[in-house]
Amino acid sequence: MKRVALTMLLCLPSWMVAQNPIIRNQFTADPTARVFNDRVYLYPSHDIVPPAGQRQNWFCMEDYHVFSSENLTDWTDHGVIVSQNKVPWVRPDSYSMWAPDCIYRNGKYYFYFPSAPKDGKGFAVGVAIADSPEGPFVPEPEPIKGIGGIDPCVLQASDGNAYIFWGAGRCAKLKPNMKELADDTPKEKVKWDEREFEMYGVNCLKGLPNRQAEGPFAFEYNGNYYLTYPYVRENTEVLGYAMSKNPMGPYEYKGLIMAEHANGCWTNHHSIVNYKGQWYLFYHHNFFAPKDDKRRSVQIEKLFFNPDGTIQEVKPTMRGVGINKATEKIEIDRFSEASADVSTAYVDTTNYQLGGQATLPQKGSWMKYNDVDFSCLSDGYMLISVKAADNTEFCVREKSAKGKVIARIKLVVKPEEPAGGAPAMSRFRRDMRNQWLSQTATLEYTPTGVTDLVITNEGDGALSVDWVQFKNRPKYFSPAAAAPAKPDEEGFIRRWMLLEPIDKPNSGNTVFTDSYLREHFYREYFKGQQTMLPKDGQKITAVFKQEQAPAGFGRGQAAPPAVPEVKTVKQTLTWHALDSENFNVKLFRFAEKWGTKVYGVLFWAVTVIDCPEDIPDVRLAVGSNSASMWWLDGEEVLLLSGDRRMVKDDCLSRRLTLKKGRNILRGAVINGPGMSDFCVRFLDEKGNPVTNFTINNSK
Ligand code: FUB
């Protein structure tokens with residue numbers, strides 16, 4: 001039984017979206033959010049595309065789903081809870097399951113919903129009851145007597161009573177059974193369009209702006225009752241509110257919660273909820289169907305009160321609420337704020353689900369995206385999807401348009417190649433103008449915790465941005481562990497003391513002849529170069545004479561001039577005790593992280609091999625990129641010259657003995673304008689890896 005329940009749970013559709021709209025698997029409107037059992041439950045109505053012959057160009061809804069979330073980012077669809085063909089009093093082909101509400105009282109969940117009754121015109125309101133917020137809900141056989149209208153909302157007041165409000169601007173007390181209006185509910189005759197109706201309850205919108213008012217949402221906070229509701233101010237709906245000291249009024253109008261939707265979406269409908277100390281406004285907009293305002297989607301914004309209890313107006317955003325992990329692909333065009341000149345457009349107007357892109361047209365344009373969590377990023381870089389027409393420069397900054405630079409990117413259009421000349425370095429091919437590019441950028445600064453990102457256009461051209469993502473670099477090294485290391489299964493030695501790279505420009509790898517290497521490896525760069533047993537974090541000062549690199553030094557450059565200029569170089573460098581994640585020790589990555597240069601450098605590596613007994617007749621087997629030299633206990637045992645790739649066991653030493661106790665293995669690796677790494681192991685007479693020793697260099 002348990003297994004069945006778990007399987008069902010695992011099958012529930014769920015998704016992660018810390019942006020608006022929040023529900024991505026269907027259209028949703030008229031959201032009522034409630035907090036039950038420390039989760040937010042969302043009871044919206046469910047817009048569908050009308051089946052043939054049904055409610056064309058009108059609201060069309062046949063059932064209700066319930067959704068829930070613990071963090072307003074991860075949402076689960078718990079499926080259908082009530083549908084038109086399972087409610088005894090609802091006309092099964094009416095497609096009129098409009099805005100609902102759900103409340104918890106006396107150990108039960110009461111789901112209130114309007115629909116078209118079988119035996120009449122207009123709308124009635126019914127209730128379905130469940131033991132859990134996710135259902136199953138059992139509908140009452142009859143609608144609630146006395147309520148003619150749509151959009152029920154139940155207020156549980158601190159006076160102990162429950163009051164029901166509905167779209168006709170009425171409100172009445174409920175009986176404790178929550179299924180009937182109180183016996184003393186007043187009635188009045190109301191004229192509408194020359195017709196006279198008998199209305200139950202009181203007119204709570206009396207004296208308030210109320211043109212085409214509907215969708216009331218009433219709540220209590222800090223001794224005040226709030227009646228919030230959509231009405232038509234000019235041509236389409238706004239969300240307004242009124243306050244009172246009594247649940248049934250009279251209410252005094254206070255102002256707007258949200259203005260009209262800028263794109264003309266006619267309706268808005270909302271609820272207000274406090275979750276974990278923050279107030280939120282749930283509302284709807286037709287982002288996923290911009291040409292059809294009867295197909296809507298739920299959005300959320302934070303809502304704030306003024307000290308006097310009035311509500312601050314809320315601006316709709318595409319950002320919504322919820323926290324994005326920096327390592328997610330963040331649709332940054334759904335910004336929380338932007339300079340007035342920033343515009344957005346759908347990426348693909350045949351598929352609105354693909355979202356949008358934002359254009360920052362000029363120097364000074366900016367957009368802010370709040371609440372990005374960097375705690376998942378340690379050694380990171382940035383990927384950003386951008387489109388530009390010409391050379392441009394932009395930054396991702398922290399918190400504000402003047403904030404700390406996280407990454408800076410210059411997009412430089414490659415100039416026409418001069419005849420016969422070397423191609424200029426460039427990041428942006430001419431034919432890639434106005435194309436979407438994924439640009440990679442190193443980080444100048446990595447924020448910590450949750451912060452806001454601001455993209456600033458700092459160049460001369462327009463810039464469009466689609467998404468941004470921060471990625472952790474693959475881990476190449478970790479600090480050497482305290483316990484002695486063993487060679488890996490293949491005998492490779494992965495624990496090394498590595499010295500930050502010494503500046504040693506080489507005009508190319510072709511210069512790595514035996515004589516060149518001997519001259520440069522035996523040159524003294526720092527004291528104790530051939531004898532020291534460094535400690536983790538130990539600093540040394542390297543002072544040495546160095547030939548100046550020829551102007552324009554780089555890949556494919558001709559040999560240096562015959563009589564090079566010589567200068568004295570002084571560098572303060574640190575030793576790092578590291579365990580390599582790979583069998584080959586990636587010096588290039590080491591230099592990226594701890595060095596000032598990655599090309600034209602010389603690395604020193606030391607490791608200490610402790611043997612329980614003499615191990616005779618072993619050979620040191622090394623592969624390195626580019627060239628390297630190796631010494632065992634001060635004696636040169638191997639030179640890998642020429643322009644090499646790192647290949648396992650590329651060169652083997654003569655027979656050696658690893659003596660009982662401590663053996664010091666030292667290596668120097670040099671590179672030109674290319675990668676640099678090495679792999680080292682000992683092989684026995686049969687070519688099998690030697691593994692019966694430990695490596696203890698961190699001591
Ligand atoms: O969703 C159908 C109707 O549109 C609702 O009942 C109204 O509040 C409006 O949002």
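A pocket here is an open set of grid points where a 1.4 Å probe fits, with protein on both sides within 12 Å along at least five of seven lines, and its lining residues have an atom within 4 Å of a point. By that rule, the second largest pocket is lined by 30 residues. The model is predicted. The ligand takes up the space of the largest pocket. Two cis peptide bonds, Gly135 to Pro136 and Gly249 to Pro250, are also described below.

**The ligand and its shell**

- The residues around the ligand are Asp30, Phe59, Met61, Trp98, Ala99, Asp151, Glu214, Thr267, His269, His284 and Arg296.
- By class, this shell holds 4 nonpolar, 3 polar and 4 charged residues.
- Asp30 places a polar side-chain atom 2.4 Å from an oxygen atom of the ligand.
- For Asp151, an N or O atom of the side chain is 2.5 Å from a ligand oxygen atom.
- His269 has a polar side-chain atom 2.7 Å from an oxygen atom of the ligand.
- On its own the ligand would expose 270 Å², and the protein buries 99% of that area.

**The largest pocket**

- Rolling a probe the size of a water molecule over the atoms shows where empty space is left.
- The volume of the largest pocket is about 1500 Å³.
- Its lining has 48 residues, and those closest to the centre are Gly148, Gly149, Ile150, Ala168 and Trp192.
- Strands S13 (187–192) and S14 (195–200) each give at least two residues to this lining.
- S14 supplies the largest share, 5 residues.
- The lining of the largest pocket divides into 21 nonpolar, 14 polar and 13 charged residues.

**The second largest pocket**

- The second largest pocket holds about 670 Å³ of space.
- Nearest its centre lie His285, Pro316, Thr317, Met318 and Thr344.
- Strand S24 (337–338) and strand S25 (343–346) are the elements that give two or more residues to the lining of this pocket.
- S25 gives the most, with 4 residues.
- The lining of the second largest pocket splits into 14 nonpolar, 10 polar and 6 charged residues.

**Backbone features in loops**

- Most residues other than glycine have a negative phi, and most peptide bonds are trans.
- Gly135 and Pro136 are joined by a cis peptide bond, with omega about 5 degrees.
- Pro136 sits in the loop between strand S8 (124–130) and strand S9 (138–139).
- A cis bond also runs from Gly249 to Pro250, where omega is near 5 degrees.
- Pro250 belongs to the loop between strand S18 (237–244) and strand S19 (252–258).
- Asn106, a residue other than glycine, has a positive phi, near 55 degrees.
- The loop between strand S6 (101–105) and strand S7 (108–115) contains Asn106.

Notes: Residues are numbered from 1 along each chain as its sequence is written. This is a predicted model: local features need pLDDT of at least 70, side-chain atom pairs count only at pLDDT 80 or more; totals for chains, interfaces and linings use all residues. Side-chain values use heavy atoms; hydrogens and water are left out. A residue is near a molecule or strand if one of its heavy atoms lies within 4 Å of it. A polar contact is a pair of N or O atoms within 3.5 Å; within protein, one must be able to donate a hydrogen and the other to accept it, and residues adjacent in sequence count only if both atoms are side-chain atoms. Accessible areas come from the Shrake-Rupley method with a 1.4 Å probe; for residues, only the protein chains shown count as cover. On a 1 Å grid over the protein atoms alone, a cavity is a set of points where a 1.4 Å probe fits but cannot get out, and a pocket is an open set with protein on both sides within 12 Å along at least five of seven lines; lining residues have an atom within 4 Å of a point. A molecule sits in a cavity or pocket if more than half of its atoms lie within 2 Å of its grid points. Ala, Val, Leu, Ile, Met, Phe, Trp, Tyr, Cys and Pro count as nonpolar, Asp, Glu, Lys and Arg as charged, and the others, Gly among them, as polar. Grid points are joined across faces, edges and corners, and a volume is the space filled by probe spheres set on the points.
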